[in-house]
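Student: I've got a new model to look through and would like to talk it over. Let's start with the charged side chains.

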Amino acid sequence: MTKRFAVILAAGQGTRMKSKLYKVLHPVCGKPMVEHVLDNISNVNADKIVTVVGHGAELVKTSLEGKSDFVLQEEQLGTAHAVKQAKEVLSNQNGTTLVICGDTPLITAETMEALIKLHESQEAAATILTAFTEKPDGYGRVIRNSNETVERIVEHKDANEDERKVKEINTGTYCFDNQALFEALEEVSNDNVQGEYYLPDVIEILKAKGKIVSAFQTSDFDETMGINDRVALAEAERLMRNRINTIHMQNGVTIIDPTNTYIDSDVKIGKDTIILPGTIIKGQTVIGEDCQIGPNSELVNAQIASETVIRQSVVHDSSVGSKVQIGPFAHIRPESNIHDDVKVGNFVEIKKAEIGQGSKASHLSYIGDAEVGSNVNLGCGSITVNYNGKSKFLTKIEDNVFVGCNSNLVAPVTIGEGAYIAAGSTITKDVPGESLSIARARQVNKENYVKKLNLKN
Ligand code: UD1
Ligand code: CA
């Protein structure tokens, strides 16, 4: 089988984004656009992937760590100059080289595979992925001769009036015979409006040498869009979101309103789970089967088991067991581990806490830096007092404890198994198991005192 190589162009600044963040690092559905490109290429089994980095080189490398080789383009002199930087790594190889821009995250592995297959079957020196659009402004145009074969590509800025009317555009993705590519790159000049070395010029050079140049026309322009500014970024996000939501629905997830549900590309969701509108599911979140998530919930790197309900709540970097009820209006902060059958009700905040099976915090609580056993009842307004202004301390609540309403548990403190805390207590010392602890002022009733005060007229 012919060897396959890939070059990703990711050295540009992305001036049109008007951003401090380098263009290819802007996320689309939670993942930097260049990482989408790389992950898609990984599915076409390339023997080597080389990413050309320049602006933000270190950050781009960190984001693609372990998945690509890198070459540095110190000065951004154009896309041909960018590919040339891979010469040392690739030029002595024989095979097919896929070149793709780091700002086209929607091109699928299937399209790349089809492009490579066509290229190899035609024994072409170059095959361009082209698309048709009613709004070709900004793209390079594909210029064909009277036989309809591709002659060259002209950049928008260099094109004359007639050329600008052409609706077939260069998507910026190509396949090349590796040797022919590096030979032709030597001949590219920067004699054009932008004074840049254009990769598309390789096409005309190869044609002049009598080599076969082919084109693969995709019917789906949306898939090939290049992201140059924030307007395109939002459009790409919309298209990718639709693609992600469709896959989940095809896999058996109910999404009530896909236009109003925002799921990152690496999220996993089990069958028969229902996602209600206004829900944002980010990062490496994994959700089991038969859950109900939303409306208006935000899950970030959350691990949710099956049959759990999360209503109008936030869960960050935490795990939640099965048959758990969360919300409405609960906030599960990082490093929390909520076991099966737990109930976390309205206005409850949990941070860095273990909540054992079957325990309940139904209303208005703060549980932070805590280990809560199983079947514990945390009454309304229970608070772990974990912070003295300087350090954080642990509260341990063993199995079957009952904490009465409006209790403060001043950490470090341990409440022994089966203990009972009277409502309104401020607990500062450990409570032994099975005991009742009351830590509040005794009630005093002064009869007829009001009359004595003589306050009433
Ligand atoms: C490029 C193509 C254009 C095509 C369009 C498709 C050229 C000259 N033009 O235009 O024909 O229709 O893509 O989206 O190739 N880059 C580098 N080093 C450089 C310059 C660019 O690595 O010196 C990288 C950028 O980071 C980017 C990619 O190459 O990821 C494309 O560059 P960009 O400036 O976006 O090219 P376009 O003007 O969109
Ligand atoms: Ca572009």
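Student: Is R144 buried, partly exposed or exposed?

Tutor: R144 is partly exposed, at 24% relative accessible area. The cut-offs here are under 20% for buried, over 50% for exposed and anything in between for partly exposed, with a 1.4 Å probe and protein chains only.

Student: Before we go on, what am I looking at, and how are things counted?

Tutor: It's a predicted model, where local features need pLDDT of at least 70 and side-chain atom pairs count only at pLDDT 80 or more, while totals for chains, interfaces and linings use all residues. Residues are numbered from 1 along each chain as its sequence is written, chains are lettered from A and ligands numbered from 1 in the order in which they are written, and side-chain values use heavy atoms, with hydrogens and water left out.

Student: Good. Which residue does R144 form a salt bridge with?

Tutor: With E168; the closest N and O atoms are 2.7 Å apart. R144 is in strand β8 (residues 141-144) and E168 in strand β10 (residues 168-177), 24 residues apart, and the pair links distant parts of the chain. A salt bridge here needs a Lys or Arg side-chain nitrogen within 4 Å of an Asp or Glu carboxyl oxygen. The helices (H or I, at least four residues) and strands (E, at least two) are DSSP runs, numbered from the N terminus.

Student: And E168, buried or exposed?

Tutor: E168 counts as buried, at 5% relative accessibility.

Student: How many salt bridges are there in the structure?

Tutor: There are 22. One of them pairs E186 with K87 at 2.8 Å, N to O. E186 sits in the loop between α7 (178-185) and α8 (201-208) and K87 in helix α4 (residues 87-90), so this pair ties together parts that are 99 residues apart in sequence.

Student: Which residue does R152 meet in a salt bridge?

Tutor: R152 meets E163, again with N to O at 2.8 Å. That one links strand β9 (residues 150-154), which holds R152, to helix α6 (residues 161-164), which holds E163, eleven residues apart. R152 is partly exposed at 25%, while E163 is buried at 11%.

Student: Which residues are joined into one network by salt bridges that share partners?

Tutor: K31, E35, D39, K67 and D266.

Student: E35 and D39 remind me of helix α1. Why is α1 said to be largely enclosed?

Tutor: Helix α1 (residues 33-42) has nine of its ten residues buried, so the rest of the structure largely encloses it. E35 and D39 are among the buried ones, along with M33, V34, H36, V37, L38, N40 and I41.

Student: Switching to the ligand. How many residues surround ligand 1?

Tutor: There are 24 around it, counting any residue with a heavy atom within 4 Å. G12, Q73, T79, E155 and N170 are the closest.

Student: Which element gives the largest share of the shell around ligand 1?

Tutor: That's β10, with three residues.

Student: What is the phi of F329?

Tutor: About 65°, a positive value although F329 is not a glycine. Most residues other than glycine have a negative phi, and most peptide bonds are trans. F329 lies in the loop between β24 and β25 and is partly exposed at 45%.

Student: And where is N448?

Tutor: N448 is in the loop between β37 (436-437) and α11 (449-453). Its phi is near 60°, also positive in a residue other than glycine, and at 57% N448 counts as exposed.
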